[in-house]
Amino acid sequence: MTKFILWFKIIWAALSSRSTQAFYDKISTFYDDVYVEHEVHARTIQTMLNEIYAGDENETLILDLGCGTGMMTKMLSEKGFKVVGVDISLSSLYVHHDNYPTHELIQADANFLPIADNTFHSVVCLGVWRHFPDVEKVLSEVSRILTSDGTFIVGYFPPALAGSISLDQNWTGRLLIRFYEILTKTLGYIDRADFALEEETVEVAKKMFSSVSKVDTAFDRNILLAQYPLENKIYTKTQDSEVIQFYDILRCPSCVSTNKRIGQLKLIQNNWLICQEPECKHKYPIHKSIPLLLQEEGEKWATVSEENLQVSFEEYQ
Ligand SMILES: C[S@@+](CC[C@H](N)C(=O)[O-])C[C@H]1O[C@@H](n2cnc3c(N)ncnc32)[C@H](O)[C@@H]1O
Ligand SMILES: [Zn+2]
């Protein structure tokens, strides 16, 4: 497919979707042909992780937040890390699963991570940060699921328009960003390309992590590295990371992020996860080995009894 046709399809998808999720669902089958330059930043992240966890790769559990179709998940898995991919776009996860069937994947919203506290040694996030209107909320979720010596690596900054068109920090750049802001808002997306996002993220990260630094990557971009979440958690490691089971780390997104309920999930019939909190009872289907752990999905099935749980997955394709 030529670049021209690809961009035509991207613009068409942008005009006909009304949310970030719908947009990525629409472009999932040709995403990998468009956002090729992400690979160089993924390589920077992989090198950073290899330095931090040298020799312990096999015991390092990493969450790839906004993993999309799997380029960085694959890169890190090949280096021996144990990686779990999370994304809100189910179609992107299907492409990911079809390309790499052994990857552990979860459909979830970064604002409500369906993961137990103190679980991951590292969270990595590439090309996704610009889609988060509430940076503080996502950072607090990230620090909640990290171990007390955990690392968070997020890039790249400054983000480019539509993830591809870089601008200079002069008045034309600012004007175009302003115009882009109005356009994306009108279309129903969140896509922050402003220069302030980087500093805002650093400021919020400093409140939540004891060490925050910037690392250069390609094309004059930065990656942020935040280490050691500050929240005073009493870390009781109940499971050895070597024997940790995928389903053991999952929690009900409606419960766990409130910090009031544990949101333990029970696996039934091998394709449903049911929240064990009596006030909740949200139920989440699993399709193509991917637990669909969005709050609205769980809510949809809350009143259906366990015996009557049936879902036609055609509507999810
Ligand atoms: C530009 S892509 C980056 C994908 C991949 N990290 C890469 O570098 O190729 C942005 C991804 O963020 C995901 N995303 C956007 N908002 C999200 C949210 N609230 N929670 C989880 N994923 C989200 C999109 O579905 C999409 O797959
Ligand atoms: Zn629940």
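**Ground rules**

I number residues from 1 along each chain as its sequence is written, and I letter chains from A and number ligands from 1 in the order in which they are written. Since the model is predicted, I kept local features only at pLDDT of at least 70 and side-chain atom pairs only at pLDDT 80 or more, while totals for chains, interfaces and linings use all residues.

**Entry 1: domains**

I began with the domain assignment, whose bounds come from an automatic or database source. It lists domain 1 (1-34), domain 2 (37-158 + 195-229) and domain 3 (250-303). I then looked at domain 1 and domain 2, whose centres, taken over C-alpha atoms, are separated by 23 Å. Eight residues from domain 1 and ten residues from domain 2 make the contact; two residues are in contact if their C-beta atoms, placed from the backbone, lie within 7 Å.

On the domain 1 side, H2 and helix H3 (31-34) are the elements that give two or more residues. My element names follow DSSP runs, numbered from the N terminus: helices are H or I with at least four residues, strands are E with at least two. H2 supplies the largest share of that side, four residues. By class I noted two nonpolar, four polar and two charged residues there. For these classes, Ala, Val, Leu, Ile, Met, Phe, Trp, Tyr, Cys and Pro count as nonpolar, Asp, Glu, Lys and Arg as charged, and the others, Gly among them, as polar.

**Entry 2: H1 on H2**

Next I checked helix H1 (residues 3-16), which packs on H2 at an angle of about 145 degrees with the axes 9 Å apart. Axes here are lines fitted to C-alpha atoms, for helices over the stretch in contact, and angles run from 0 to 180 degrees between N-to-C directions. The H1 and H2 crossing is right-handed; that is, the near helix is turned clockwise from the far one by less than a right angle, anticlockwise being left-handed. H1 brings Ile10, Ala13 and Ala14, and H2 brings Phe23, Lys26 and Ile27. I sorted this contact into five nonpolar, no polar and one charged residues.

**Entry 3: H4 on H5**

For helix H4 (residues 38-52) and H5, I found axes that come within 10 Å and cross at roughly 35 degrees. This crossing of H4 and H5 is also right-handed. From H4 I listed His38, Glu39, Ala42, Ile45, Gln46 and Leu49, facing Met71, Met72, Met75 and Leu76 of H5. The classes are seven nonpolar, two polar and one charged.

**Entry 4: H7 on H9**

Helix H7 (residues 135-145) meets helix H9 (residues 196-208) at an angle of about 40 degrees, and their axes are 10 Å apart. H7 is therefore oblique to H9, the class left over once angles under 35 degrees count as roughly parallel, over 145 as roughly antiparallel and 65 to 115 as roughly perpendicular. Val135, Glu136, Leu139, Ser140 and Ser143 of H7 touch Glu200, Thr201, Val204, Ala205 and Met208 of H9. I counted five nonpolar, three polar and two charged residues in this contact.

**Entry 5: ligand 1**

What surrounds ligand 1? I found 21 residues, the closest being Tyr24, Gly66, Gly68, Ser89 and Ala110; a residue is near if its C-beta atom, placed from the backbone, lies within 6 Å. Helix H2 (20-27) and helix H5 (71-78) are the elements giving two or more residues to the shell. The shell has nine nonpolar, ten polar and two charged residues.

I flagged a cis peptide bond between glycine 155 and tyrosine 156, with omega about -5 degrees. Tyrosine 156 sits in strand S5 (residues 146-157). The bond from phenylalanine 157 to proline 158 is cis too, with omega near -15 degrees. Proline 158 lies in the loop between S5 and helix H8 (171-187).

Lastly, glutamine 269 has a positive phi of about 50 degrees, although it is not a glycine. I located glutamine 269 in the loop between strand S8 (265-268) and strand S9 (272-275).
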